[in-house]
Structure formats: C-alpha cells, structure tokens
Amino acid sequence: MAAGGPSRSERKAAERVRRLREEQQRERLRQVSRILRKAAAERSAEEGRLLAESEDLVTELQGRSRRREGLKRRQEEVCDDPEELRRKVRELAGAVRNAKYLVVYTGAGISTAASIPDYRGPNGVWTLLQKGRSVSAADLSEAEPTLTHMSIARLHEQKLVQHVVSQNCDGLHLRSGLPRTAISELHGNMYIEVCTACTPNREYVRVFDVTERTALHRHQTGRACHKCGAQLRDTIVHFGERGTLGQPLNWEAATEAASKADTILCLGSSLKVLKKYPRLWCMTKPPSRRPKLYIVNLQWTPKDDWAALKLHGKCDDVMQLLMDELGLEIPPYSRWQDPIFALATPLRAGEEGTHSRKSLCRSREEPPPGERAAPLSSAPVLGGWFGRGCTKRTKRKKVT
C-alpha cells in the first residue's frame with residue numbers, strides 16, 4: 001500500500017465491488033417489483049421466500065406505489081353529481097349573502113372556457129410538459145371574458161365581492177369591467193408595460209400582448225417611455241421571480257383585503273402557488289378567526305382540508321347556478337364596452353414595428369342598439385400611471 005491511502009489497483013477493485021453490489025441490489029429490486037405485481041395466489045413458494053427475505057425492499061416499493069396512486073388521485077378531475085352540486089351552490093349562496101367582506105381568489109381554471117389552457121389539469125401546460133408532450137401557443141387575442149369573469153364583475157358591482165386576487169396574466173378581469181382598484185393581478189398583466197424610471201411608475205395599457213420579447217429575468221419590451229425615454233418592461237412575474245411592481249400586482253390591496261376578509265372564495269386555482277403566500281390566508285390569526293374558505297375546483301387542492309365547502313364543478317357551471325340562486329343577471333361581454341380600449345395608450349409614430357402580436361379590435365359592425373362604446377377620452381389618470389401626453393393621444397385615437 002502506498003503511503004497516504006490505498007493503491008490505484010485497490011481503489012479500482014473496491015469500485016468494482018461497489019458497482020457489483022449496486023447491480024445486484026437493482027436486480028433484486030426488479031425481481032421483488034415483478035413479484036409484487038402478481039396476485040398473492042399466483043406467487044410460487046420461492047417467490048414468497050424472496051419477499052420474506054426482502055422486507056426493506058417490499059416496504060420501499062409499497063410506499064412508492066402508494067405515493068404514485070395518491071398523486072394520480074390528486075390529478076384526477078372529480079365532478080359532483082348535478083343534485084349535489086346544486087345543494088352545495090345553495091350553501092355557497094348563503095355564504096355570499098352573509099359575508100361581510102368577501103374576497104375572490106382566481107386561477108387559470110376560470111379562463112379555460114376562453115380557450116386558454118390551465119396549468120395542472122389533465123391537458124394543462126405543466127401536465128403535458130411533464131409527459132414530454134409539446135404545448136401549442138394559444139392566441140390570447142381571441143380570448144374574451146368568460147361567464148365567470150362577468151359574474152365576478154357583477155357581484156362586485158352589487159357589493160357582494162369586495163376584492164379579487166388573480167394569478168392570471170390574461171387581463172380578462174380588467175376587460176370584464178372590474179375596476180382596477182378591485183383587482184390584484186399577482187403575476188402581472190400581458191397587456192400592461194411600465195416605466196420603472198418614472199416616479200411613480202408610468203403605466204401603459206396596450207391592446208396587444210406586450211410580452212413578445214420578454215422571458216424569465218428578461219423583461220424589456222423594446223419600447224420606450226413617452227415621458228423620460230427609459231426602456232419599458234412587462235409586468236409578468238415568472239416562476240422563480242419575486243414581483244416588486246406596485247401595479248398591476250397590487251399586493252398592498254391584496255393583503256389588506258385578506259386581513260379584512262371573513263369569507264374567501266377560490267375559483268379555478270390549484271392553490272399550489274397561492275398556498276405559499278401566508279399573508280393571503282391570515283395564518284397569524286387563530287384558526288377560529290380566519291376567513292371561511294370555499295373552493296371551486298375539479299381537482300384536489302392543498303387547502304381542501306381547511307375549506308368549509310369544496311365544490312367539484314366547472315367554474316362557469318357553478319357561477320351560473322350561484323347567480324341564479326342569488327337572483328342576479330350575468331351581464332354579457334361586449335367588445336364595444338371593453339374598458340381596455342378606453343385605457344389603452346396608442347403607439348407613437350415609429351413604434352408600429354416593435355411588435356407582431358395580433359391587436360385587439362372592436363367589431364367592424366355597428367354597436368347593438370342602445371349600446372355605445374366607452375369614449376376614448378374617458379381614460380382615467382390613475383395615480384400618475386398615465387401622463388398627460390398619453391391621455392391626449394388617447395383622445396385622438398380612432399375607433400377601428
């Protein structure tokens with residue numbers, strides 16, 4: 001043996017022994033796994049002895065099997081039968097009527113009716129990627145607020161919902177007519193870009209997806225601020241990033257609403273991300289003083305055990321039943337009344353080539369009788385997010 005340790009030949013011999021043992025262990029694991037897949041009555045006496053001699057491996061494999069089955073059950077979509085769903089909706093309607101401060105948390109499930117894929121459903125983005133399947137990009141310019149979006153806007157109008165906290169970036173809450181002050185878009189809005197060099201941040205609402213050139217940790221959109229000339233950035237918070245913008249994330253309003261809430265309604269969210277924000281669940285309060293939780297989702301969520309009621313149904317179906325139970329009409333969505341056209345800042349001369357995404361446009365047809373488009377000159381100046389020059393340009397914008 002050489003001074004200081006084993007020789008090279010001894011190390012190689014030890015490595016061969018280690019690899020041999022690992023291969024023997026893997027082979028034994030495969031054998032035990034094959035035997036466990038058989039019915040007990042079909043196992044030979046020799047196979048029975050091997051299982052008895054391999055208790056540790058049997059325990060490990062059975063544990064793996066239970067975890068796989070549990071994960072599979074959590075990914076399955078469960079639907080309440082119609083009568084059970086109606087009964088649950090009646091209970092939910094009572095909670096909505098009696099709530100002193102109701103906050104709604106929304107996820108991708110409320111936008112699937114607008115042909116926007118969710119993330120964790122059977123055909124969700126992450127589900128397909130985990131299976132090694134490709135995901136086609138959806139044309140979000142064709143998406144419009146769903147029955148659920150319009151129902152939430154009506155509930156807020158009726159003062160039955162006080163605030164909406166959304167994980168979605170699709171801008172459909174804004175386009176449903178829900179006031180900006182009533183929305184916290186925690187992961188951003190695809191139609192909004194901001195200048196962080198201006199104080200307060202200057203915000204530009206566009207009628208196209210501003211994220212064409214942006215990605216994780218890369219947020220510049222390729223356009224410049226009309227006021228100071230600094231580069232504009234998108235508002236999207238990617239997985240692994242921390243959102244720091246005031247608007248449209250509106251974290252301050254979200255946490256204030258959560259602290260006041262006596263009832264929280266979760267619609268179409270797996271809650272696997274939202275659960276990581278303890279401020280949204282009042283976890284510093286004793287359990288008896290936390291808001292009552294109602295969840296609408298087809299799949300398991302990590303908050304199910306905390307819920308006063310879990311409704312297994314599609315969001316649009318549940319909201320239709322809820323609005324019927326409350327005696328409220330759901331307003332239809334109209335592009336002629338879509339607030340985004342009044343809020344939008346038009347591109348300046350020379351900026352037309354800074355994007356290739358399809359722009360939203362109003363119908364070329366005349367508006368229905370009695371329905372007029374919101375005047376573009378009514379674009380509000382919200383907390384300095386729009387400069388005077390932007391508002392004047394908006395006034396001159398022609399309706400297409």
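Visitor: Where does His 187 lie?

Guide: His 187 lies in the loop that runs between strand 3 (183-185) and strand 4 (192-195), where helices (H or I, at least four residues) and strands (E, at least two) are DSSP runs numbered from the N terminus. This is a predicted model, in which local features need pLDDT of at least 70 and side-chain atom pairs count only at pLDDT 80 or more, while totals for chains, interfaces and linings use all residues. Residues are numbered from 1 along each chain as its sequence is written, and side-chain values use heavy atoms, with hydrogens and water left out.

Visitor: What feature does UniProt place at His 187?

Guide: The unreviewed UniProt entry places the feature "active site" at His 187; UniProt positions are given in the numbering used here, feature names are shortened, and annotations may be inferred rather than shown by experiment.

Visitor: Why does His 187 count as buried?

Guide: Buried means under 20% relative accessible area, exposed over 50%, and partly exposed in between, with a 1.4 Å probe and protein chains only. His 187 has 13% relative accessibility, and therefore counts as buried. Not counting residues up to four places away in sequence, His 187 touches several residues, among them Ser 166, Cys 169 and Tyr 277, contact being heavy atoms within 4.5 Å.

Visitor: Which residues does UniProt list for "binding site"?

Guide: The unreviewed entry lists Cys 195, Cys 198, Cys 225 and Cys 228. Although they are spread over 34 residues of sequence, they cluster in space, with a largest C-alpha distance of 8.7 Å.

Visitor: Why does Cys 198 count as buried?

Guide: Cys 198, in the loop between strand 4 and strand 5 (202-205), has a relative accessibility of 10%, so Cys 198 counts as buried.

Visitor: What makes Cys 228 partly exposed?

Guide: Cys 228 is found in the loop between strand 6 (220-224) and strand 7 (231-234), and its relative accessible area is 42%, so Cys 228 is partly exposed. Leaving aside neighbours within four places in sequence, Cys 228 is in contact with Cys 195, Ala 197 and Cys 198.

Visitor: Which residues of helix 2 are buried, and what puts them on the same side?

Guide: In helix 2 (residues 45-53), Glu 47, Leu 50 and Leu 51 are buried. They lie on the same side of helix 2 because they cover an arc of only 100 degrees around the axis, the arc being that of the directions from the helix axis to the C-beta atoms. On the other side of helix 2, Ala 45, Glu 46, Ala 52 and Glu 53 are exposed.
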